Amino acid sequence: MAGVFITLEGGEGSGKSCLIEALSSWMASSTLPHIVTREPGGTPVGEKIRELFLGANTMGPLTETLLLLAARVEHVSAIVEPALKRGQIVLCDRYVDSTMAYQGFGRGMDIEPLWKLATDVVPLLPDLTLYLDVPCDVGFKRVHKRQQERRDRLEAEELSFHERVRSGFLAMAAKSPSRIVVLDALQDKETLFLQAQEHISRVLYAS
Ligand code: TMP
């Protein structure tokens with residue numbers, strides 16, 4: 001089987017991590033060769049960039065973007081592409097749609113030049129993107145309950161920022177419906193898992 005690149009996206013508190021864990025367990029028990037990775041991160045230099053990016057230092061949207069792209073170049077060349085070449089499924093927690101939603105719609109960078117920059121630097125696009133949609137006030141409550149004072153720089157942004165991010169994800173899903181699937185993250189975990197599994201199976205067995 002050829003490798004398949006699957007990304008998971010969602011706002012704060014959408015339950016992405018839980019779903020990735022469940023999908024990885026399913027793949028392990030079905031002997032589907034896969035790796036789980038994340039952005040920003042996934043490599044030693046990517047994890048250092050993640051710390052810098054999520055830390056307390058203020059930085060402009062272009063600096064954010066360039067840091068994220070630097071991490072992505074490393075991640076894709078060292079982890080994602082080699083895994084796909086080995087025929088593995090890559091389950092990646094966030095990717096280019098986060099850049100568009102957070103730096104584009106959230107921070108206000110112009111969408112078309114940002115897309116061009118991001119895809120010129122790293123042209124690889126996912127075969128499937130699952131976007132876990134949750135109303136921002138619900139996601140916020142989940143994150144705040146969980147983390148109290150341990151919120152990172154993005155989680156600490158105001159509600160209006162997260163509303164723009166959510167609208168951005170939904171706009172991109174409407175523009176690329178064959179790649180980006182919107183899942184209702186308010187559903188119970190089992191239903192959400194079954195829906196994600198169905199979309200992934202469709203892509204796996206089409207390849
Ligand atoms: P998370 O992976 O724990 O959700 O945290 C990563 C944070 O980084 C999240 O707030 C979204 C943000 N982010 C961007 O702003 N742009 C990007 O391109 C990526 C990959 C993540």
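In the predicted model, the ligand is surrounded by 15 residues, of which the closest are Arg-50, Arg-94, Thr-99, Tyr-102 and Gln-103. A nitrogen atom of the ligand, in turn, lies 2.8 Å from a polar side-chain atom of Gln-103. The ligand taken alone exposes 480 Å², and the protein buries 92% of that area.

Helix H5, which spans residues 111-121, has Leu-114, Ala-118 and Thr-119 as its buried residues. When the helix is viewed down its axis, these buried residues fall within an arc of 115 degrees, so they line one face of H5. Their cover includes helix H3 (61-85) and helix H4 (96-106), whereas the face of H5 turned away from the buried side carries the exposed residues Glu-112 and Lys-116.

A disulfide is a covalent bond between the sulfur atoms of two cysteines. With a cut-off of 2.5 Å between cysteine sulfur atoms, the count of disulfides in the model comes to zero. Cys-18 is in no disulfide, its nearest cysteine sulfur being that of Cys-92, 18 Å away, and Cys-92 is likewise in no disulfide, with the sulfur of Cys-18 as its nearest.

How values were computed. Residues are numbered from 1 along each chain as its sequence is written. This is a predicted model: local features need pLDDT of at least 70, side-chain atom pairs count only at pLDDT 80 or more; totals for chains, interfaces and linings use all residues. Side-chain values use heavy atoms; hydrogens and water are left out. Buried means under 20% relative accessible area, exposed over 50%, partly exposed in between (1.4 Å probe, protein chains only). Helices (H or I, at least four residues) and strands (E, at least two) are DSSP runs, numbered from the N terminus. The arc is that of the directions from the helix axis to the C-beta atoms. Contact means heavy atoms within 4.5 Å. A residue is near a molecule or strand if one of its heavy atoms lies within 4 Å of it. A polar contact is a pair of N or O atoms within 3.5 Å; within protein, one must be able to donate a hydrogen and the other to accept it, and residues adjacent in sequence count only if both atoms are side-chain atoms. Accessible areas come from the Shrake-Rupley method with a 1.4 Å probe; for residues, only the protein chains shown count as cover.
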